[in-house]
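Please read the points below with the coordinates open. They go from the whole chain to single residues.

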Amino acid sequence: MIETHNATDVKDIDWNEWTADKFAVITYIFSEGKVLLINKKRGLGAGKVNAPGGHIEEGETAVEAAVRETEEEVGLTPLDPLQCGKLYFQFTNGLKMEGTVFIAREYKGVERETDEADPFWVAIDDIPYSRMWEDDLLWLPHVIKGKSISGCFIFDDDDMVSYQLDII
Ligand SMILES: Nc1nc2c([nH]c(=O)n2[C@H]2C[C@H](O)[C@@H](COP(=O)(O)OP(=O)(O)OP(=O)(O)O)O2)c(=O)[nH]1
C-alpha cells in the first residue's frame, strides 16, 4: 500500500484503516429559505466562503464543538444541531482531517462579524459554490434535501484530486 499522502485516487487508500489527526466540525444554520455562511478570514480555507466551524477540543463532543465554534465565529447559538455527514480529507501535504457536518433549523442571537469570520445569510438557491471548497457542491445540495452523506476526498492544497461520496 502506498503512503496515504502520496495517493492520487481515493481507491488507493484503505479508508477503513485511515485515521484523521485533526477533527473539525462545520455547522449550517437554515432559516426562512436561507443559510448562514461566512467569509472565512483566517486559518485553513481563509478567503473562501464556508459555514461556521473549527476544531473539536479535547474533552468536547462534536456537537459541543459545533455550538461553541458557531458562537465564537458568528455570535449565534445553533439549537439542537443534527449531525448529517462525515467528511474525510487526505491532503497531499500529509494533513488528515475528519469533518463532521451539522445542520440546525433554529438558533438564538444575532450574527456579528469577528476576527475569524464575516457572516451573511444567503438564499439556498444562491449559495456561492464557486467561492467554496470544491467538494461542497457535491454534497451540500444533498444535505439541504435532508440526506446524510459520507465522503472521502484527496486534496492537493485547494484542488480536489479524487473523491468518493455516499448519500445515505
Ligand atoms: N465545507 C467545508 N469545510 C471544510 C472543508 N475542508 C475543511 O477543512 N473544512 C472546514 C473544517 C473546519 O471547520 C475548517 C478548517 O478550519 P481551521 O483548520 O482553520 O480551523 P479554525 O481556525 O476555523 O478553527 P480553530 O483553529 O479555531 O479550531 O474548515 C471542505 O472541503 N468543505
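1. The accessible surface of the protein is about 8700 Å², and carbon and sulfur atoms account for 46% of it. These areas come from the Shrake-Rupley method with a 1.4 Å probe; for residues, only the protein chains shown count as cover.

2. On the source: this is a predicted model, in which local features need pLDDT of at least 70 and side-chain atom pairs count only at pLDDT 80 or more, while totals for chains, interfaces and linings use all residues. Residues are numbered from 1 along each chain as its sequence is written, and side-chain values use heavy atoms, with hydrogens and water left out.

3. The protein has two helices and eleven strands, in the order β-β-β-β-α-β-β-β-β-β-α-β-β along the sequence. Its radius of gyration is 15 Å, close to the 15 Å that the globule rule gives for 168 residues, so the protein is as compact as a globular protein of that length. Helices (H or I, at least four residues) and strands (E, at least two) are DSSP runs, numbered from the N terminus. The radius is taken over C-alpha atoms, and the rule is 2.2 Å times the number of residues to the power 0.38.

4. The C-alpha atoms fill a box of roughly 50 × 35 × 30 Å along the principal axes. Of the 168 residues, 46% are buried. Here buried means under 20% relative accessible area, exposed over 50%, and partly exposed in between (1.4 Å probe, protein chains only). Among contacts (heavy atoms within 4.5 Å) between residues at least 6 apart in sequence, 65% join residues at least 24 apart.

5. The protein carries 16 positive and 33 negative charges, and their mean positions are 4 Å apart. Lys and Arg count as positive and Asp and Glu as negative; His and the chain ends are not counted. Each charge is placed at NZ of Lys, CZ of Arg, CG of Asp or CD of Glu.

6. An unreviewed UniProt entry places the feature "domain: Nudix hydrolase" at residues 20–145. UniProt positions are given in the numbering used here, feature names are shortened, and annotations may be inferred rather than shown by experiment. In the model, residues 20–145 are 17% helix and 43% strand, and the end C-alpha atoms of the span lie 28 Å apart.

7. V143 sits in helix α2 (residues 136–144) and is buried, because its relative accessibility is 0%. Leaving out residues up to four places away in sequence, V143 touches C84, I103 and I149. V143 and I168 are 25 residues apart in sequence, with 10.0 Å between their C-alpha atoms.

8. Most residues other than glycine have a negative phi. E32, in the loop between β1 (22–31) and β2 (34–40), has a positive phi near 50° and is exposed at 80% relative accessible area. D80, in the loop between β5 (77–79) and β6 (82–91), also has a positive phi near 50°; D80 is exposed at 72%.

9. R105 lies in the loop between β7 (96–104) and β8 (106–108) and is partly exposed, at 48% relative accessibility. Apart from neighbours within four places in sequence, R105 is in contact with F30 and I144. The C-alpha atoms of R105 and Y28 are separated by 8.6 Å, although the two residues are 77 apart along the chain.

10. D12 belongs to the segment before β1 and is partly exposed, with a relative accessible area of 28%. D12 and I2 are ten residues apart in sequence and 7.3 Å apart from C-alpha to C-alpha.
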